[in-house]
Amino acid sequence: MASENDHKKQEEGKGFAGLSSMVSDVEAEVANSLKRANSVPSPASQGSTRTGDQILEGQPQPKPQTHRPAAQSSGSPSIGIWLFGVAAVIGVIWFAWFAAQSGNHKSSGPAYSPGSSSTSVAPAPARKPRTEQPQVPSRPTEDKPSVGRNNVLATAQIRYCLAEKIRLDAAKSVINNYVGSDVDLFNAHVNDYNSRCGEFRYRQNTLESARRDIEPYRSQLQAEGRSRFVSSPSAATRSKAPSQVRPTPDATVQAIQHRLNEFGYNAGSADGFFGSSTRSAILAFQNDTGLPSDGVASSALLARLNATTRRPIPSPDRESMRGANGGQTVISQPRVTYSNEASIDKDNYKKCIDGRYPSLCDHTLLTQSEAARVDAAERKANFGKCIDGRYPSLCDHTLLTQSEAARVDAAERKANFGKCIDGRYPSLCDHTLLTQSEAARVDAAERKANFDKCIDGRYPSLCDHTLLTQSEAARVDAAERKANFDKCIDGRYPSLCDHAMLTSQEAVLVRDAERRAGRGY
């Protein structure tokens, strides 16, 4: 029987069940030892018996036997204790890992004290919520236009012209007129601005759109303009002041300066910046070649310079004319090349002698006498176009004599003033041809025409609000609000209504009107 029980214990002592049996036996032995220590028999009771198995006095006591009937008495508690120990080990490992991670992230976490019998967990401090920074709207981009007149500018290029004008106006108020370098720098900015933005064309609504984009940044642009010329009083603060911003070098201007210097005209250093030296050199070249003396560094001027092989030498019998043309020199450019061959094409001569279509004439087929007559006919036809004064681009000023150039210049100035004084089409006016008194009259006419458009209130995009006085601006604002309310109260076209211009009472009325229009009654 005992061998069978030993065999069963060996069979049960495999795996985790065996471990549970071992734990259970140890606990039983400890309990029996305590019982024996507490129940030492006194001499009076050595012959007595206990309930259960009889214990004979003086005989050796057998070791208590523990029988596990299938895991009822000691199996369940032992497994629970074992699982609790495994869970405790896993918990200690997890806690150590969590403490290491918390240390890496430099955040306060639960603290573990090896010397203490209990684990204390310190509450983590509450994290402050992140405050979202408001998104600052980005400033609209500016694109510097190319040098030239009557170019069709895109919106970004118009933004540059408007922004640069604000910067120049602000710079003008702080410039020191007694500092030559500042004056030259300011004139360089102005000349560069005039060469790009003096006259331009634009598509419908682009000008007003560009003005709306630039206007919110007026104060910032004014600060940029002033920073170009304002110098700090001390060296310590001068390092913190923004550096002066020079115009970006222009490739066309730089090429023109290079060619002018090659021909002996003093255009200054070929740095791509349009200044007084460059303008004087351009005027001298234009005077020597009989070109219109406008002093503008254009691509057409560069093409003419590239086509010229040597410096033009004006004839000595030609004199400079001053006074009527504003002190500029006008030199006619006669034809210098004739063919000595006999004409072999009479039809060509008939086309040439008309004089109105030089591009259709083959001058190489003309004899010297025919060429002289054709030259006179072309000069006469050209003078007929030029003396009208309204179409300077159709006039070939190189074919004019000195007296003709004076008359044409006066005619062009008169025709230009007639367009300018109307005031309704500033883009068609060449303000550079106006005298000081004419410019004042034209400015007043343009302001009046602009106010007449603005006071209607129905077309804010056609109104140049920068030309309005303070009182005019108030009247125009009221007119635009009234015209906007008249559109809004109809209710049928909400997209045409500027709800931002409505008062609270008007907004309620407009919403009701839009609801009624949406329901169809």
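Predicted model: local features only at pLDDT ≥ 70, side-chain atom pairs only at ≥ 80, totals over all residues.

Student: Okay, how many disulfides does the structure hold?

Tutor: There are six of them.

Student: And what is the pairing if you number the bonded cysteines in sequence order?

Tutor: Going along the chain, the pairing is 1-2, 3-4, 5-6, 7-8, 9-10, 11-12.

Student: Let's pick one. Which cysteine does C352 form a disulfide with?

Tutor: C352 is bonded to C361, and the two sulfur atoms sit 1.8 Å apart. The torsion about that S-S bond is about 100°, so the disulfide is right-handed.

Student: Are those two cysteines buried or exposed?

Tutor: C352 has a relative accessibility of 1%, so it counts as buried. C361 is at 9%, and because buried means under 20%, C361 is buried as well.

Student: Switching to C454, what does a disulfide join it to?

Tutor: Its partner is C463, with an S to S distance of 1.8 Å. Here the torsion about the S-S bond is about 100°, so this disulfide is right-handed. Both C454 and C463 are buried.

Student: Now a change of topic: helix 13. Why does a distance of 26 Å between its end C-alpha atoms make sense?

Tutor: Helix 13 covers residues 368-386, which is 19 residues. At 1.5 Å a residue the helix should span 27 Å, so the 26 Å between its end C-alpha atoms agrees with that.

Student: Which residues in helix 13 are buried?

Tutor: The buried ones are E370, A371, V374, D375, A377, E378, R379, A381, N382, F383 and C386.

Student: What covers them?

Tutor: The cover includes helix 12, residues 346-354, and helix 14, residues 402-422.

Student: I spotted C386 in your list. What does C386 form a disulfide with?

Tutor: With C395, and their sulfur atoms are 1.7 Å apart. The S-S torsion of C386 and C395 is about 100°, so that disulfide is right-handed.

Student: How accessible are C386 and C395?

Tutor: C386 has a relative accessibility of 2%, so it counts as buried. C395 is at 8%, so C395 counts as buried too.

Note on methods. Residues numbered from 1 in each chain as written. Heavy atoms only, no water. Helix = DSSP H or I, 4+ residues; strand = E, 2+ residues; numbered from the N terminus. Expected span 1.5 Å × (residues − 1). Buried < 20%, exposed > 50% of the residue type's maximum accessible area, 1.4 Å probe, protein only. Contact = heavy atoms within 4.5 Å. Disulfide = S-S within 2.5 Å.
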